[in-house]
Amino acid sequence: MAFRVRARKYVSSPVLRLGRIAPRATLLPWTLLVVVAALAAGCSSGAAAGPGGPGASASAGAGLRVVATTTVFADIVANVGRGRVTATSLLPAGVGPEDYEPRPDDVRKLSDADLVVSNGVGLDNFLDRLLASADGNKPRLVLGDGIATIDVDGQPNPHFWLDPTLVRDHYVPAIAATLTRLDPVGATTYAANAGTYQAELTSLDRDLQAKVDAIPAANRKLVTFHDAFPYFARHFGFELIGVVLANVGQEPTATDLAALVEKVRAAHVKAVFSEAQFSPKLSETLASEAGITRVVTTLYNDALGPPPADTYVGLMRWDVDQVAQALS
């Protein structure tokens, strides 16, 4: 299947294989952030000592402190580490990496972490400078390492987790192995948790595929707000027609929008989909111009949302339900 949607450019750095367009803005200049981080680290140095402190393996009962870049990854880590790990995220629920604005408290979180988890492949490159302000040698897990990518307009797309089998077969084993390396005493727990969660993801995938199979084949066409869905489309059998926003933060030109309208009309698309963290205006404009009456603006992908989309499993069920209802 060819994926010829317009996409943001994800540029990988030669060292960490990370990269992405710059965030819209920052609350503090990076130089000032470094100064504030140093002061914060100094104030919390006493709390960092002892078992479970930064860079230390957890002793029995101490627990590992894991900081993930997004709420999606934090939830997956929490499932694998249940009972021995405290997992938090730099980004709050409802906020995606393209909206990230670093705060001094984020550097403190990283300084206190035993492990930092990111996706890589250009999704969360903001982490590089934060870690330079905290502890550049902090143990890290890049979940996307080793996963074959789908290239969109010549650039690797990072949204692996919208295919639950990639989470089951790649993310979960990588998390379990890394937690075991840092906390060997918890090996049995991590293995059991991973197995339980993988079984849940297998059941999830089966349920979602059944819902997709109920959509008429001619209707399985997606127009989305941004380029988050190539792995989702490949796995569940959708055709990607196009995206509204080629680069987050840069609105399409009138010529771009007119071309997409014609493409959508020709494909007889039934609905336009957008994520809750973005303004629905452009999606609604596209739908109106193309004569589409169904506009779904409540999908989640880069970040968890309110219940029932407040876990990774809940997010996937919510999104597929929204898609199935709109296209059936």
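These are my notebook entries on one protein structure.

**Entry 1: overall**

I noted that the model is predicted. I counted the secondary structure and found ten helices and ten strands. The protein has 328 residues, and 53% of them count as buried.

**Entry 2: a sheet**

I followed an open sheet of four strands, and its order is S2-S1-S3-S4 with parallel pairing. Which strands stand at the edges? They are S2 (85-89) and S4 (140-142); each has a single partner strand, so one side of each lacks a neighbour in the sheet. On average, neighbouring strands here are turned by 20 degrees against each other, with direction ignored.

I then took the pair S1 (residues 64-68) and S3 (residues 115-118), which run parallel and are joined by three bridges. I picked out Val66, whose bridge partner in S3 is Leu115. As a reminder to myself, strands of a sheet pair through backbone hydrogen bonds, either parallel or antiparallel.

**Entry 3: two helices**

I checked helix H2 (residues 71-80) against helix H5 (residues 164-182). Their axes come within 10 Å and cross at roughly 60 degrees. The crossing of H2 and H5 is right-handed. Which residues of H2 meet H5? I listed Phe73, Ile76, Val77 and Val80. On the H5 side I listed Val167, Tyr171, Val172, Ile175, Ala176 and Leu179. By class, this contact of H2 with H5 has ten nonpolar residues, no polar ones and no charged ones.

**Entry 4: backbone details**

I looked at Val121, which lies in the loop between S3 and helix H4 (126-134). Val121 is not a glycine, yet its phi is positive, at about 55 degrees. Is Val121 buried or exposed? Its relative accessibility is 12%, and buried means under 20%, so Val121 counts as buried.

Asp153 also has a positive phi of about 55 degrees and is not a glycine. I placed Asp153 in the loop between strand S5 (151-152) and strand S6 (155-156). With a relative accessible area of 37%, Asp153 is partly exposed.

Last, I looked up a proline pair. The peptide bond from Pro307 to Pro308 is cis, with omega near 10 degrees. I found Pro308 in the loop between strand S10 (294-299) and helix H10 (312-327).

Terms used
Residues are numbered from 1 along each chain as its sequence is written. This is a predicted model: local features need pLDDT of at least 70, side-chain atom pairs count only at pLDDT 80 or more; totals for chains, interfaces and linings use all residues. Side-chain values use heavy atoms; hydrogens and water are left out. Buried means under 20% relative accessible area, exposed over 50%, partly exposed in between (1.4 Å probe, protein chains only). Two strands pair if DSSP finds at least two bridges between them. Axes are lines fitted to C-alpha atoms, for helices over the stretch in contact, and angles run from 0 to 180 degrees between N-to-C directions. A crossing is left-handed if the near helix is turned anticlockwise from the far one by less than a right angle, and right-handed if clockwise. Contact means heavy atoms within 4.5 Å. Ala, Val, Leu, Ile, Met, Phe, Trp, Tyr, Cys and Pro count as nonpolar, Asp, Glu, Lys and Arg as charged, and the others, Gly among them, as polar.
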